[in-house]
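Subject: Handing over the structure

Dear colleague,

Please find the structure below, together with its sequence. My notes on what was found in it follow, and I would be glad if you read them with the model open beside you.

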Amino acid sequence: MIEKEQSVLLELIKNALFQCPIELPDSIDWNVVYDESVEQTVTSLIADSVPAENGARFKETQMSCRAHYMKVLYEQNMLVKLLSDNRISSVIIKGISAAKYYPIPHNRIMGDIDILVPVEDYERAKDVLINNAYLLDHEDINRHAAYAKNGVCIELHYCFSTDCPRLEEYLAESFSDIQQLSINGFCVPVLPEAINGLLILAHIRHHILGQGLGLRQITDWEMFVHSHSDLDFWRNDFMPKADACGLTDFAIIITRLCRKYLALPDEILWCNEVDAPRLEFIMECIFEAGNFGSKTGREETDAERVSLRIKKAIKNRELFKMLQTSGQENWKACQKHPFLRHFAFIYQAFRYLFRGIKAALHGGAVKDLSSANDRFEIYKAFELNEKQDIK
């Protein structure tokens with residue numbers, strides 16, 4: 001059940017985004033509301049909607065977030081210019097690419113700088129950053145390398161997610177159609193609109209099935225939807241791509257969540273109904289986890305990730321396909337010797353088996369798999385019972 005102060009937070013978000021009248025209950029604990037807004041990464045967004053007599057802490061945080069926003073834009077501009085000077089194309093993903101849809105972009109709290117470069121330029125881009133005083137923090141060889149400079153974290157991506165190959169193809173194709181966003185005195189390279197929306201949606205799915213996510217990611221999607229009222233955009237551009245990425249049902253459910261809890265005002269002709277208990281369950285999961293799982297204080301483990309991925313593949317009758325695809329990605333020998341690709345599924349199966357044994361030896365397997373089962377229930381909540389046509 002959503003608690004009173006959590007309901008107050010939703011009221012404040014609705015007012016901040018759509019000027020909805022605020023309906024506040026009696027005896028509100030504003031310290032709890034503030035803490036919840038921090039966990040959900042929306043403090044700056046709602047600060048102007050908090051009653052003045054209770055708003056000092058919110059306003060202080062808002063000023064700090066606005067300063068960070070401008071710092072991120074400056075460092076982002078320097079990074080894009082550095083890559084361009086070295087003949088490397090780039091686009092900014094998430095962050096300012098989502099903030100641009102908000103009525104006051106600088107009230108959308110910024111985190112890291114996420115920048116995407118073509119896969120063929122990734123290694124050269126890493127060298128450019130290292131040679132220009134960007135400090136390497138860590139690297140995920142499947143997705144990105146993380147750096148720090150001047151107090152700002154940067155994630156240099158060549159891949160957004162290994163879970164959706166079709167989305168990766170769309171992202172790669174987008175380098176021939178980079179858009180230029182002019183905002184707060186800066187010119188920012190961004191993705192085409194439909195691809196940007198797909199990435200926002202895929203980001204939500206990735207985190208709600210992983211560590212968890214906050215309301216900031218949900219409002220990112222809400223404001224994207226609100227910014228595109230043309231039905232032809234959805235029918236002819238976005239939805240065919242979403243369907244190719246397996247994101248159509250997810251788009252419908254998240255959009256209905258925004259209508260029910262966050263006052264998305266548009267008449268959305270492409271979006272059918274979703275049962276209320278399912279939406280309530282999803283919203284409770286969001287409040288329980290917080291932004292990137294901040295309330296749980298935990299990160300997704302290998303055992304959880306593998307268990308969830310296998311369950312999804314079995315449910316969708318794609319286990320062999322998943323093993324074969326993952327094996328080709330992970331088995332370096334088959335990348336060098338093409339004839340080995342036919343056996344990639346065997347390699348991946350043993351890889352999963354080894355990782356499971358390793359987790360068990362460290363004593364965390366039972367707990368991890370239990371948590372994975374909980375998250376599989378969330379995964380099932382994001383499926384529609386029947387395929388729904390876009391009206």
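Accessible areas, as used here, come from the Shrake-Rupley method with a 1.4 Å probe. On that basis, the accessible surface of the protein comes to about 18600 Å², and carbon and sulfur atoms account for 52% of it. Please bear in mind throughout that this is a predicted model.

As for the overall picture, the protein contains 17 helices along with seven strands. It has 391 residues, of which 52% count as buried.

Helices α1 and α9

Two packed helices are described by the angle between their axes and the distance between the axes. For helix α1 (residues 4–18) and helix α9 (residues 215–226), the axes come within 12 Å and cross at roughly 35°, and the crossing is right-handed. On the α1 side the residues that take part are Leu-9, Leu-10, Ile-13, Leu-17 and Phe-18, and they meet Leu-215, Thr-219, Glu-222, Met-223 and His-226 of α9. Sorted by class, this contact between α1 and α9 is made up of seven nonpolar, two polar and one charged residues.

Salt bridges

The structure holds 13 salt bridges, and I describe a few of them here. In one of these, the side chains of Lys-100 and Glu-193 meet at 2.7 Å, taken from N to O. This pair links distant parts of the chain, since Lys-100 sits in the loop between α5 (96–99) and β2 (113–116) while Glu-193 belongs to helix α8 (residues 193–208), the two being 93 residues apart. Glu-193 has a relative accessibility of 26% and therefore counts as partly exposed.

A salt bridge also joins the side chains of Glu-169 and Arg-166, again with 2.7 Å from N to O. Why are Glu-169 and Arg-166 separated by about one helical turn? They are three residues apart in helix α7 (residues 165–173), which means a separation of about one turn. Glu-169 is partly exposed, with a relative accessible area of 40%, and Arg-166, at 27% relative accessibility, is likewise counted as partly exposed.

In helix α10 (residues 231–244), Asp-237 and Lys-241 lie four residues apart, about one turn of the helix, and their side chains form a salt bridge at 2.7 Å, N to O. Asp-237 counts as partly exposed because its relative accessibility is 28%. Elsewhere, salt bridges that share partners join Asp-48, Lys-59 and Arg-66 into one network.

Backbone points to check

Most residues other than glycine have a negative phi, and most peptide bonds are trans. Against that background, Ser-27, although it is not a glycine, has a positive phi of about 50°. Ser-27 is found in the loop between α1 and α2 (30–39), and it is exposed, with a relative accessible area of 62%. Thr-41 is not a glycine either, and has a positive phi of about 60°. Is Thr-41 buried or exposed? Thr-41 is buried, because its relative accessible area is 13% and the cut-off for buried is under 20%; its place is in the loop between α2 and α3 (43–46).

Two buried residues

Lys-94 lies in the loop between β1 (91–93) and α5, and, with a relative accessible area of 14%, it is buried. Which residues does Lys-94 touch, not counting those up to four places away in sequence? They are Asp-114, Phe-160, Leu-199 and His-203.

Ser-97 is located in helix α5 and is buried as well, with a relative accessible area of 0%. When its neighbours within four places in sequence are left aside, Ser-97 is in contact with Ile-92, Val-190 and Asn-196.

Key: Residues numbered from 1 in each chain as written. Predicted model: local features only at pLDDT ≥ 70, side-chain atom pairs only at ≥ 80, totals over all residues. Heavy atoms only, no water. Axes fitted to C-alpha atoms, helices over the stretch in contact; angles between N-to-C directions. Left-handed = near helix turned anticlockwise from the far one by under 90°. Contact = heavy atoms within 4.5 Å. Nonpolar A, V, L, I, M, F, W, Y, C, P; charged D, E, K, R; others polar. Buried < 20%, exposed > 50% of the residue type's maximum accessible area, 1.4 Å probe, protein only. Salt bridge = Lys/Arg side-chain N within 4 Å of Asp/Glu carboxyl O.
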